[in-house]
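Trainee: Before we look at any details, could you show me how to read a fold, going from the overall picture down to single residues?

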Amino acid sequence: MADLDDLREGKLFGVGIPVAQQAFHVKGADHLSWGMKDRLSRIFNPKSGRSVMLAFDHGFIMGPTSGLERIDLNIQPLMEYADCLMCTRGILQTSVPPTVNKPICLRSDAGTSILTELNDNVIIDIQEAVRMNVSAMAVMLAIGDEKYEAKTIANLYNAVDQGSKYGIPVMGVTAVGKQMARDARYFGLASRICAENGANIVKTYYCDGFENVVSACPVPVVIAGGKKLPELEALELCYKAINEGAAGVDMGRNVFQSEDPAAMIQAVHAVVHESITPQQGYEMFLDLKKK
Ligand code: R5P
């Protein structure tokens, strides 16, 4: 029964003070549901609007590649420096402590390995994604691949349909077939197709003319790091991408294959969130490496 004694009258109604209109910090997300926005806010820092996603899902295609032989030894120490963790469900369940409490971008499709060409993908059951409390689902699109383009677009469509029911955003991952040019025309096309089909985030690659890729994409674009580069070059890549409109990085090998992965992810974080120069980032990397 409600306690009726000492029932205090409300006084602070703020009459005449309009309710503040809050602009949402994630591109293209203004009209999404509260759950979607909550999850996107866990991934993209509300102050900077950016994200450093640590990608270590490579094993689902490559097996125990260099730097990922032991997730517990190589990747766990880096998790505190990442804004978001991108991995498969197998690694999430076995090797990511739930106590780490970071948003998860779940690799949600499968069907390909380095031993074959692009393959027919399947996607995860949405209930599995909900059970694992993921903040986003990542699904690959093979735009331009005659055999698998339609199937991978269907996978994205399906993931978006399912994600929408439960407020889980979807990240479209643009795969580059061997026959595709790695240029702004191709990445612009592939990124836009991801967004048109409902992706809330697009992961693609940096290229000349990248600002056009970002400009024509109505949702945030994050870049993959690609093959291992010398540390300064990798920081230059992050800097250029951010300066040309990327909302962050989804970086793997250039972090976990670095001479000092913990120092590298901290330098990447500073370039992405604090807009320090690549040279400053490199000095930070060297300083942290010495310690
Ligand atoms: C690509 O589909 C993989 O899922 C990786 O997550 C992605 O390529 C990012 O990793 P890296 O920076 O090593 O390219």
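**Reading the fold**

Mentor: The protein has 12 helices and 10 strands, where helices (H or I, at least four residues) and strands (E, at least two) are DSSP runs numbered from the N terminus. Its radius of gyration, taken over C-alpha atoms, is 20 Å, close to the 19 Å that the globule rule (2.2 Å times the number of residues to the power 0.38) gives for 291 residues, so the protein is as compact as a globular protein of that length. This is a predicted model, in which local features need pLDDT of at least 70 and side-chain atom pairs count only at pLDDT 80 or more, while totals for chains, interfaces and linings use all residues. Residues are numbered from 1 along each chain as its sequence is written.

Trainee: Which residues of strand β3 point one way, and which the other way?

Mentor: A residue is called buried if 20 or more other C-beta atoms, placed from the backbone, lie within 10 Å of its own, exposed if 12 or fewer do, and partly exposed in between. In β3 (residues 104-107), I104 and L106 point one way while C105 and R107 point the other way, and all are buried.

Trainee: In what sense does β3 pair with strand β2, and over how many bridges?

Mentor: Two strands pair if DSSP finds at least two bridges between them. Here β2 (residues 84-87) and β3 pair in the parallel sense over 3 bridges, with M86 standing opposite C105. Between these strands the chain passes through helix α4 (residues 89-95), and this β-α-β crossover is right-handed, a term that applies if, with the strands pointing away from the viewer, the path from the first strand over the helix to the second runs clockwise. Strand β6 (residues 136-141) also pairs with β3 in the parallel sense, over 3 bridges, and in β6 the bridge partner of C105 is A136.

Trainee: Which residues touch the most other members of the largest nonpolar core?

Mentor: A nonpolar core is a set of buried Ala, Val, Leu, Ile, Met, Phe, Trp, Tyr and Cys residues joined through C-beta atoms within 7 Å. The largest one holds 87 residues, of which L54, C238 and V268 touch the most other members. Not counting residues up to four places away in sequence, L54 touches several residues, including M86 and I265.

How values were computed: Contact = placed C-beta atoms within 7 Å.
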